[in-house]
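Take a look at the aromatic side chains here. The text below follows how they pack.

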Amino acid sequence: MTEPPSWPAPSGGESSPIPPPPTAPPQYGAPQYGAPQYGVPGYGSAGYPPPYGGYQQPYGGYQQPYAVAAPKPGIIPLRPLAVGEILDGAFATIRRHPRATLGLSAAVACIQQGLLLAVQLSAGGLTRTSGFGTDNSPSDGAIASFVAGIFGTVLISAVLSAVLTGALCLIVSDSILGHETSASAAWRRLRPQAWRLLAVSFLVAIGQTLGLVLCILPGVFLWGAWALAIPALVLEKTTVWGAMRRSWRLATPSWWRVFGIRLLGTVVASALKGALTAVAGASAFTAALNGDTATQASTFSVILAAVLGVLAATLTAPFLAGMVTLLYVDRRIRAEALDVQLQRAAAAPAGIHGASTSFG
């Protein structure tokens, strides 16, 4: 048998050359245990504390029992998460899968900003042509075209945002288990649920908006209670109403925590968008000071704002989706011991549907 480890004396000096008698108390500050209780040769009789492999006994001079660290196959440890671990896990997903997260977000952001840019530039062209009369008042055709363009842009952007959030939730779920993933694989898994995903996104948005319009507090409450609806839908493959009820049951017992973490993530994303918007405004102001005409400065400002909007959406969309997904996982770990099921799924080979079925 190998020799037990040699530990320094508590006082920092040299240990006594004569070992203490077998009945002497331990020499390293451990509580009084008397005779050895575990029957392990070489321990106890020579003053050494018992080994810490499963006896839950204080080891040496430390007063804390030995604890096994939670496994971490992916971006988070499989245990209840702290706020910092949720935010760090969202960023870790982007670092580990930049092509799947940033690439998908950039594609959606380019479509959204391209449509918005086209509407803005066409509206600017109408103001300089026959769409406006001599009294500078817009014609009915110009107003109708502008409103239709804005409505179409908002509708398409909402659809793309919902699909993007659902796909990113699946990518984050793969990252939790340490599985390889891609945007195309996430879309294949999301496609059968696309219509339900759009319905959930629409109902949640309508409910929150009505709550804010009728009375602010109901809208704020629903913003926290339905925060987990999309992860519940795409990861558990439930129905539309089932996803909304599931989010309600998971979030409301810890509503303040869910609301606070989601608000913190939204503030971080808004700060980034605000900084990029300020850059666009400052650039347009500089162009005007350099002698550019008002039309040139306005066009430059619109194009620059669109480019920076793409950049902001590319960075913030994966972060927000990752934060909401990890918040959903944390609530299920705390309420349903999901970490045990995730540990089993992480040990199994990763399949096409391996990550998603572990949440069902």
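Which residues form one aromatic cluster? They are F221, W223, W248, W255, W256 and F259. The model is predicted: local features need pLDDT of at least 70, side-chain atom pairs count only at pLDDT 80 or more, and totals for chains, interfaces and linings use all residues. Residues are numbered from 1 along each chain as its sequence is written, and side-chain values use heavy atoms, without hydrogens and water.

A pair of aromatic rings is described by the distance of the centres and the angle of the planes. Rings of Phe, Tyr and Trp (its six-membered ring) pair if their centres lie within 6.5 Å; planes under 30 degrees apart count as stacked, over 60 as edge-to-face and the rest as tilted. The structure holds 6 aromatic pairs.

Start with W223 and F259. Their ring centres are 5.5 Å apart and their planes stand at 80 degrees, so this pair is edge-to-face. W223 lies in helix α6 (residues 216-225) and F259 in helix α9 (residues 255-289), so the pair ties together parts 36 residues apart in sequence. Helices here are DSSP runs of H or I, at least four residues, numbered from the N terminus.

Now turn to W255 and F259. Their ring centres lie 4.8 Å apart with planes at 10 degrees, so the pair is stacked. Being 4 residues apart in helix α9, the two are separated by about one helical turn.
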